[in-house]
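Let's take a friendly walk through this structure together. Please have the viewer ready.

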Amino acid sequence: MSAEVTYGDLYCRVETSLFYRGRESLVFFEVEIDPLQLSFEKQGKDSESAKLDAFCEILDAADQYQVDLLDETVILSRGSKAPHFKEELVAFSDRFRIPPGDHELRCLVQDVTSRKVGEARVQVLIPSPEPGKVAMSSLLLTQLVGESGLADFEHDESLLFQNLKFSAVPVDQVIQSQPVFLFFEVYQEGASTSSKRFVFDYRLYDQEQVFLKVPLQELQWKQTDNRFSQALQFDLAKLPAGEYTFLVKVIDKVSRAHSMKTASFRIRESVNGNQ
């Protein structure tokens with residue numbers, strides 16, 4: 001789920017990923033801005049930084065306040081030798097838990113120097129679990145794997161594959177030369193959830209809806225009584241820059257119930273032209 005700026009002079013975009021956790025759901029989100037609109041100031045010979053005031057809150061279906069998520073000043077730093085994208089830049093990311101219902105995530109950012117403001121809102125619809133029905137989490141794409149992953153909450157939220165730490169922040173732009181990881185979960189209330197019970201169909205399409213074959217490796221996470229977690233690694237090295245959509249469909253071999261999710265992303269060029 002994503003939404004772009006709703007008002008203001010500063011580009012602002014919110015991307016979310018949803019995972020079910022019993023009576024509450026776990027939502028990861030990131031806020032992207034356009035670095036070309038920010039007022040970066042020199043901080044040394046090879047670095048510069050910009051300051052953003054950031055505020056995020058959850059609203060209910062009636063547009064009434066529910067809870068504050070974030071209210072702080074974010075410092076964005078970059079170096080002349082560090083690769084960064086020409087356009088969108090992740091300003092900050094976080095997570096929250098929320099019960100079933102129709103909610104809205106509102107994020108407001110302001111450049112401290114120029115005072116430019118941008119706001120984005122995205123609907124966060126959390127359905128109530130239905131016994132016997134197959135459901136899926138969001139498809140979470142990331143390239144941020146390693147010891148630098150967001151390990152502060154991975155252990156608590158059971159989002160850890162073996163000893164491999166990864167960032168659970170949703171990503172919609174990737175670097176061609178690096179492997180891409182995709183994570184998702186399958187849920188079925190009142191049934192034993194295991195990999196042997198399901199059939200998975202993985203498909204990658206370009207912006208012309210042409211089906212593409214890419215090297216793909218399945219990595220299995222954990223499974224509980226009503227939750228099965230799956231991780232995939234795929235190689236985009238031979239694909240040109242552009243827009244793509246990854247589709248995952250899961251079918252219960254016993255009940256024939258099924259669910260399907262998609263994740264759209266872009267292969268982007270970095271500033272220095274490297275992929």
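Threonine 245 sits in strand β19, residues 242–252; helices (H or I, at least four residues) and strands (E, at least two) are DSSP runs, numbered from the N terminus. The model is a predicted one, in which local features need pLDDT of at least 70 and side-chain atom pairs count only at pLDDT 80 or more, while totals for chains, interfaces and linings use all residues. Residues are numbered from 1 along each chain as its sequence is written, and side-chain values use heavy atoms, with hydrogens and water left out.

With a relative accessible area of 19%, threonine 245 is buried; here buried means under 20% relative accessible area, exposed over 50%, and partly exposed in between, for a 1.4 Å probe and protein chains only. Its side chain and that of serine 264 are joined by a polar contact of 3.2 Å. Such a contact is a pair of N or O atoms within 3.5 Å; within protein, one must be able to donate a hydrogen and the other to accept it, and residues adjacent in sequence count only if both atoms are side-chain atoms. Leaving aside neighbours within four places in sequence, threonine 245 is in contact (heavy atoms within 4.5 Å) with Arg203, Leu204, Tyr205, Thr262, Ala263 and Ser264.

Now look at the sheet around this residue's strand. Five strands form an open sheet in the order β13-β20-β19-β15-β16, with mixed pairing; two strands pair if DSSP finds at least two bridges between them. At the edges are β13 (173–175) and β16 (211–212), each pairing on one side only. Strands β13 and β20 (residues 258–268) run parallel and are joined by three bridges, and isoleucine 175 stands opposite arginine 268 in β20. Strands of a sheet pair through backbone hydrogen bonds, either parallel or antiparallel.

In the loop between β15 (198–206) and β16 you will find glutamine 209. Glutamine 209 has a positive phi of about 65° although it is not a glycine, and it counts as exposed because its relative accessibility is 55%. Another positive phi, near 70°, belongs to arginine 115, in the loop between β9 and β10. Arginine 115 is partly exposed, at 43% relative accessibility.

What about the nonpolar interior? A nonpolar core is a set of buried Ala, Val, Leu, Ile, Met, Phe, Trp, Tyr and Cys residues joined through side-chain atoms within 4.5 Å. The largest one has 38 residues, of which Phe29, Val31, Leu38, Leu52, Cys56, Phe92 and Leu105 touch the most other members. Strands that each supply at least two of its residues include β3 (12–21), β7 (65–79) and β14 (180–188), and the largest share, six residues, comes from β4. A second, separate core of 28 residues includes Val134, Tyr202, Leu236 and Leu239.

Aspartate 94 lies in strand β8 (residues 89–98) and is partly exposed at 25% relative accessibility. Its C-alpha atom is 8.4 Å from that of leucine 70, 24 residues apart along the chain.

Finally, turn to serine 49 in strand β6 (residues 47–60). Serine 49 is buried, with a relative accessible area of 11%, and its side chain makes a 3.3 Å polar contact with the side chain of glutamine 43.
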